Amino acid sequence: AASCLRMGANVVICPEGDSTTTEKSPLRFRPGAFQLAVYHQPEPLIVPVAVANFDKKLTRTTTCAVVHEPFKLSQVVADPSDERALVDFINGDLYPRFAQWVREAADLADAGTAQGASPDA
């Protein structure tokens, strides 16, 4: 991932380190993706993307992604290299908001399904 960032490529990382159903999402965040951002120069933007129904058959559901405002860790954590401060941000601030964003994506997907939207349309 670091070499991709050095080449200027975007990197998509699931901070949970695993996948689960929409109903159980998100799992606990792991700090690795955030630590990658801390030690990379120039500091990359983190773009939160919450996805719903990615775990279902595409022909039987509507999937939805909600993209939120990009940020740099240095904008939200006084000292991102302070591991305790970083973990406090991840668990105490970002994770609860991300859980709400997953619910938002699920609600939007449900509304799309209720309005007759389908992947076949």
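This is a predicted model: local features need pLDDT of at least 70, side-chain atom pairs count only at pLDDT 80 or more; totals for chains, interfaces and linings use all residues.
Residues are numbered from 1 along each chain as its sequence is written, and side-chain values use heavy atoms, with hydrogens and water left out. Local features need pLDDT of at least 70 and side-chain atom pairs count only at pLDDT 80 or more, whereas totals for chains, interfaces and linings use all residues.

**Figure 1. Overview of the protein, with four helices and two strands.** Helices (H or I, at least four residues) and strands (E, at least two) are DSSP runs, numbered from the N terminus. Along the sequence the pattern is α-α-β-β-α-α. The C-alpha atoms fill a box of roughly 45 × 30 × 25 Å along the principal axes. Of the 121 residues, 32% are buried, that is, under 20% relative accessible area with a 1.4 Å probe, counting protein chains only.

**Figure 2. Asn 53 and Thr 61 in the loop between E1 and E2.** Strand E1 spans 49–52 and strand E2 spans 64–67. The side chains of Thr 61 and Asn 53 make a polar contact at 3.1 Å. Such a contact is a pair of N or O atoms within 3.5 Å; within protein, one must be able to donate a hydrogen and the other to accept it, and residues adjacent in sequence count only if both atoms are side-chain atoms. Thr 61 is buried, at 11% relative accessible area, and Asn 53 is buried as well, at 6%. Phi of Asn 53 is positive, near 70°, in a residue other than glycine.

Figure 3. Pro 26 sits in the loop between helix H1 (2–6) and H2. Most peptide bonds are trans.

**Figure 4. The largest pocket, with a volume of about 940 Å³.** On a 1 Å grid over the protein atoms alone, a pocket is an open set of points where a 1.4 Å probe fits, with protein on both sides within 12 Å along at least five of seven lines; lining residues have an atom within 4 Å of a point. Grid points are joined across faces, edges and corners, and the volume is the space filled by probe spheres set on the points. The lining has 33 residues, and Val 11, Val 12, Ile 13, Cys 14 and Val 47 lie nearest the pocket centre. Helix H2 (32–38), E1 and helix H4 (83–114) each give two or more residues to this lining. H2 provides the largest share, four residues.

Definitions and conventions. Buried means under 20% relative accessible area, exposed over 50%, partly exposed in between (1.4 Å probe, protein chains only).
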